[in-house]
Amino acid sequence: MSGVPPSSPARPPSGGAAPANADDVGAGTAVVPLPYSAKQLQELLGSSWEARLKEMYRGMLLGRVLDTRMLGLQRQGRVAFYGPATGQEATSVGAALAMAEGDWVLPGLREQLIALMRGLDLTLYLHHLFGNDLDTARGRQMPCHPSAREARYVSMSSNIGTQIIHAVGLAYALRYKRETGVSWAFFGDGATSSNDFHSGMNFAGVWKLPVLFVCTNNQWAISIPNEKQTASPTFAEKAQAYGFEGSRVDGTDVVAVYHALREAREALASGKGPRMIECVLYRLTPHSSSDDPSRYQPKGWMDRAKAHDPLGRFEAMLDKLGMLPSAEREAVRAELDAKVRAAIQEAEVMPPPRFESLFEDTLRTPAWPLTEERDSFDKEQGGNFP
Ligand SMILES: Cc1ncc(C[n+]2csc(CCOP(=O)(O)OP(=O)(O)O)c2C)c(N)n1
Ligand SMILES: [Mg+2]
């Protein structure tokens with residue numbers, strides 16, 4: 001994949017951006033800085049552009065620090081599973097900043113950073129990653145699948161694509177209740193092959209709903225590359241079949257993502273119907289802590305893909321702009337790392353969920369089969385339940 005402009009229509013008249021092709025990550029390994037001058041940044045981000053850039057940097061760095069620490073913890077056997085989002089930070093951060101408070105997020109597999117940027121407490125997230133007694137889901141959800149009511153961030157679903165129809169239903173409800181929010185459906189390239197993608201896109205188009213479809217095309221669905229996923233040159237152009245606009249954006253460019261998504265969100269909020277945006281990016285880690293890409297990726301793919309590292313590209317731009325000297329960057333990193341370490345320390349010592357919690361949270365007033373089962377289980381365990 002080469003030469004995806006910051007934002008382009010799904011199929012420009014010239015013939016279109018090259019399709020994302022997993023075999024082609026560019027020949028070089030040199031990181032390409034984001035292409036903006038101070039003047040352009042001011043135009044794109046407004047007069048407080050410098051503060052905006054710092055916010056973007058902080059957000060992306062938090063994602064990177066978390067991934068590094070958590071993958072390490074998983075390898076040490078301290079958490080069971082982790083799904084990193086390394087390489088996708090620009091898309092998550094750009095999206096989080098383009099959202100409004102009343103918006104809803106229906107995540108795919110890698111949008112944890114959006115929940116954190118919208119207010120999910122870091123320590124609460126860590127309780128979830130450890131699946132302990134303070135985990136909102138009490139250890140019943142897969143690790144790395146947080147939910148955050150305060151952030152209007154619905155629990156991730158590992159069943160690929162299901163969130164897409166939920167997002168469409170939610171958009172329908174928003175309109176029905178005359179609320180101003182927008183529903184954001186995130187999903188990977190692989191999810192575009194699910195039935196739910198097609199039903200969701202279809203009904204969103206028919207009903208002209210305020211739902212923004214964000215395809216995070218990281219070029220792999222575990223071991224399946226783009227060219228085996230679809231015969232279409234792009235994923236974005238699929239929107240045309242459902243009667244609305246689809247476009248592509250460079251998902252490793254936080255400024256372009258923010259700008260494209262904010263513009264799309266504004267169009268949706270003014271009642272112009274749904275949009276789809278394909279963020280083209282690179283998965284810079286294994287699919288999850290359970291995966292070994294050396295078994296299926298072309299040799300050296302990931303090393304070459306690192307030239308498209310969104311954080312590296314951003315830092316190279318900062319260098320060119322003479323912003324945030326390395327000592328300041330190090331200070332931000334150290335501060336975030338300390339926060340993550342403190343949250344880990346707090347969460348790791350928490351006990352697992354209490355046994356009796358197995359019988360809680362499903363019904364407001366438990367029905368007799370549940371209480372009977374609970375009592376007999378309690379007897380077996382020695383009668384310790386309160
Ligand atoms: C319905 C369903 N089918 C298959 C799987 C197994 N599975 C888990 S992740 C995944 C790939 C998802 O790829 P993509 O949508 O591109 O998201 P990414 O992991 O790249 O972010 C698959 C096939 C699943 N979880 N659910
Ligand atoms: Mg993918």
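Helices (H or I, at least four residues) and strands (E, at least two) are DSSP runs, numbered from the N terminus. Keep that handy, and remember that this is a predicted model.

**Exercise 1.** Find out which loop holds phenylalanine 244 and what it touches there.

*Solution.* 
- Start with the place: phenylalanine 244 sits in the loop that links α9 (238-241) to β7.
- Next, count its surroundings. There are 19 other C-beta atoms within 10 Å. Being buried takes 20 or more, and being exposed takes 12 or fewer, so phenylalanine 244 comes out as partly exposed.
- Now skip residues up to four places away in sequence and list what is left: phenylalanine 244 touches Gly205, Ala239, Gly273, Pro274, Arg275 and Met276.
- Methionine 201 is 43 residues apart from phenylalanine 244 along the chain, and their C-alpha atoms are separated by 9.1 Å.

**Exercise 2.** Follow the chain from β7 to β8, and work out how the two strands pair.

*Solution.* 
- β7 covers residues 245-250, and five of its six residues are buried.
- β8 covers residues 275-280; β7 and β8 run in the parallel sense, with six bridges between them.
- For one such pair, look at aspartate 250, whose bridge partner in β8 is valine 280.
- To get from β7 to β8, the chain passes through helix α10 (residues 254-269), making a right-handed β-α-β crossover.

**Exercise 3.** Decide whether proline 143 is buried or exposed, then describe its setting.

*Solution.* 
- Proline 143 belongs to the loop between α5 (122-130) and α6 (162-176).
- It counts as buried because it has 20 C-beta neighbours inside 10 Å.
- Leaving out neighbours within four places in sequence, its contacts are Val79, Ala80, Phe81, Tyr82, Leu129 and Gly131.
- One of these contacts, Leu129, is also among the buried residues of α5, which are Tyr125, Leu126, His127, His128, Leu129 and Phe130.
- The cover over those α5 residues includes α2 (49-75), α4 (112-117) and α13 (326-348).
- Another contact, Gly131, follows α5 and has a positive phi, near 60°.

**Exercise 4.** Look at arginine 178 and aspartate 361, two residues other than glycine with positive phi, and say where each one sits.

*Solution.* 
- Arginine 178 has phi near 55°. Its loop lies between α6 and β3 (183-188). With 6 C-beta neighbours inside 10 Å, arginine 178 counts as exposed.
- Aspartate 361 has phi near 75°. Its loop lies between α13 and α14 (368-381). Aspartate 361 counts as exposed too, because it has 11 C-beta neighbours inside 10 Å.

**Exercise 5.** Identify the residues with the most contacts inside the largest nonpolar core, and then explore valine 214.

*Solution.* 
- In soluble globular proteins, nonpolar side chains tend to be buried together.
- Here, the largest nonpolar core has 91 residues, and the ones with the most contacts inside it are Trp184, Ala185, Val214 and Val257.
- Beyond its neighbours within four places in sequence, valine 214 is in contact with Ala95, Trp184, Ala185, Phe186, Ile277 and Cys279.

**Exercise 6.** Describe what surrounds ligand 1.

*Solution.* 
- There are 15 residues around ligand 1, and the closest are Ile160, Gly188, Gly190, Ala191 and Ala221.
- Sorted by class, the shell holds six nonpolar, seven polar and two charged residues.

How values were computed
Residues numbered from 1 in each chain as written. Chains lettered and ligands numbered in written order. Predicted model: local features only at pLDDT ≥ 70, side-chain atom pairs only at ≥ 80, totals over all residues. Near = placed C-beta within 6 Å. Nonpolar A, V, L, I, M, F, W, Y, C, P; charged D, E, K, R; others polar. Core = buried A, V, L, I, M, F, W, Y, C linked by C-beta atoms within 7 Å. Contact = placed C-beta atoms within 7 Å. Pairing = 2+ DSSP bridges. Right-handed = clockwise from strand over helix to strand, strands pointing away.
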